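This report sets out how two protein chains meet and how selected parts of each are built. The sequence and structure are shown first.

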Amino acid sequence: MGEFMAQVPVTEGVFTWPSDEPHLLGSRCVSCGNHMFPRQSGCPKCTGEKTETVELGRRGTLWTWTVQGFPPKAPPYAGDDNPKTFKAFGVGYVELPGQVKVEARLTEADPEKLKIGMEMEMVIIPLAKDEEGNEIVTFAFAPVA
Amino acid sequence: MSIDVAIVGIGMHEFGRHEGVSGMDQGVTAVRRACADAGVGWEDMQFAFGGSMAAGAADTMVSLLGLTGLQFINVMNGCATGGSALFSAYNTIRSGVFDLGIAVGFDKHERGAFRVNTKGSGLGDWYGATGLALTTQFFGMKINRYMHEYGITNNTLAKVSAKAFRNGSLNDMAWRRKPLSEEEIANSPMLSYPLTQYMFCNPGEGGVALILCRADKAHLYTDKPVYLRAAAVRSRRFGSFEVLAPSIAIEHNAGPTVDASKAAFEMAGIGPEDVDLAQLQDTEAGAEVMHMAENGFCEHGEQEWMIQAGETEIGGKFPVNTDGGCLANGEPIGASGLRQVYENVLQLRGDAGPRQVPNDPKVAYTHVYGAPGISGVTILSR
């Protein structure tokens, strides 16, 4: 496998991929500087109507978290929803300094190893395989070692 | 001068799972029971506001109830659907347009956690596809942060659930009527840390209808009128932390519950200290804890000793969720907010039977919260 299997992003326009240093794509309000994720055309802070696309920071701190302990319903879930093989995954909000808190899957799912305030970094993880055998990837945050 | 509004009839279809009974049928039963309670017929209704999330357009129920030609307006407002129907009925009478009408809500959801329609919620498909669009995750993350900030313990969460099922066991309309110990609750499967299976309510089925009229005509229908002193609905402001949010702002703002609560107290001209009991949104055990403070009934963190001391029990200083709340009743979205008002009317009439709050309560409060960051509050008094 490996070299013949392509990695495709779960969606376009939410994170940069392929890339050695993937970033989440957000919007910045031209009027007030407020940052939003994902990208959107209007600003919820100042009601401004003009925003520009920006690459968000790749590092931040864990603001809060939980662990998804049961398989999400499919659809909409595209990952493994089989109760026999499903593996719990972490979910959290990561505060990107001066920008915004983004919700993301976490690579860590052990409550003993997740702490509010810990340093996190954005990574790309496999989510599922499509009909052609391609690997669908999405963004996540991992604890900084 | 606005007109005072009274609730003169209440009706409910049992909450739970009802094979072969449509959500709409449950709404119809609730309407008929409310009419019987007020001693009126469907033909006496001058207007109706009604809604469901997943069980069809409420106005089609006229074909079962009677084609009387009344004004019937469908209300669809997320988790505040029932509260919004009541808000609309309240203001219809207050403004003098009609004298007598009904607010009705019902629902019937599939089993398991809510399947979120990401497109319908203004979210990209990727949000659900990647395993993020679960309301349960929000509740786990909000209470986890809150416990970190204010020192709420896991045992307090278990105590909230234990109280809910205990109160539910005293309520023949409730779905979950079997008391569970704190240990059973704490040791049930962890669904979304720190919340276990028995700390979450389930989407369910049921219907509730409330008949409202001008206060000066209430004596025509009941000798125990209950007055609606305030009804307020608020959406989220910038900086609040809400369910189904791919991101939240760095700066913090109190959520819609705080805003709706303040507006309602202002409307009623009273404060939290005047309230004798409350039904607060308890989608899960942590929500009840946080909503006690967000609605102004204590400071953040005080819930820990209040709940440990039993203050929110039926016989306590400030009873909360006397009918078992969402935890024991389940959450049929269209009916859930009206179920809270139904319970408060029973309590203020003194008709709540084995779960009656002692010492003749005079003022009762309801609060619903849900997607996409909406809260509805009512204040009732005798």
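The sections below treat chain B as a whole, then the interface, and then local features of chain A.

## Basis and overall form of chain B

The model is predicted. Chain B contains 12 helices and 12 strands. With 382 residues, chain B has a radius of gyration of 19 Å, close to the 21 Å given by the globule rule, so it is as compact as a globular protein of that length. The C-alpha trace of chain B extends over about 55 × 50 × 40 Å along its principal axes.

## Extent of the interface

On the side of chain B, 35 residues are in contact with 43 residues of chain A. Together the two chains bury about 3,300 Å², of which 63% lies on carbon and sulfur atoms. Three residues stand out in this area: W126(B), M141(B) and I250(B) provide 21% of what chain B buries against chain A, more than any other three residues.

## Polar contacts and composition

Between chain B and chain A there are 19 residue pairs in polar contact, counting pairs with both residues at pLDDT 80 or more. The elements of chain B that give two or more residues to the side touching chain A are α4 (125-129), α5 (135-150), β5 (190-192) and β9 (247-248). Of these, α5(B) gives the most, with seven residues. Sorted by class, the side of chain B that touches chain A comprises 18 nonpolar, 11 polar and six charged residues.

Two salt bridges are counted between the chains. In a salt bridge between the side chains of E251(B) and K45(A), the N to O distance is 3.0 Å.

## Strand pairing across the interface

Which strand of chain A is joined to β9(B)? The partner is β7 (residues 100-106) of chain A, which runs antiparallel to β9(B) and is joined to it by two bridges. Within this pairing, K101(A) has I248(B) of β9(B) as its bridge partner. The strand β9(B) is also among the elements that give two or more residues to the side of chain B touching chain A.

## An open sheet in chain A

Chain A holds an open sheet of three strands, ordered β3-β2-β4, with antiparallel pairing.

The pairing of β2 (residues 25-29) with β3 in chain A is antiparallel and consists of two bridges. Here R28(A) stands opposite H35(A), a residue of β3(A).

## Backbone features in the loops of chain A

The loop between β3 and β4 of chain A contains P38(A), which is joined to F37(A) by a cis peptide bond with omega of about -10 degrees. T47(A) is also placed in the loop between β3 and β4 of chain A. Although T47(A) is not a glycine, its phi is positive, at about 65 degrees.

A cis peptide bond also joins A74(A) and P75(A), where omega is about -10 degrees. P75(A) is located in the loop between β5 (59-68) and β6 (89-96) of chain A.

Technical notes. Residues numbered from 1 in each chain as written. Chains lettered and ligands numbered in written order. Predicted model: local features only at pLDDT ≥ 70, side-chain atom pairs only at ≥ 80, totals over all residues. Heavy atoms only, no water. Contact = heavy atoms within 4.5 Å. Buried area = accessible area lost by both parts, 1.4 Å probe. Salt bridge = Lys/Arg side-chain N within 4 Å of Asp/Glu carboxyl O. Polar contact = N/O pair within 3.5 Å; in protein donor to acceptor, adjacent residues only side chain to side chain. Helix = DSSP H or I, 4+ residues; strand = E, 2+ residues; numbered from the N terminus. Nonpolar A, V, L, I, M, F, W, Y, C, P; charged D, E, K, R; others polar. Pairing = 2+ DSSP bridges. Rg over C-alpha atoms; globule rule 2.2 N^0.38 Å.
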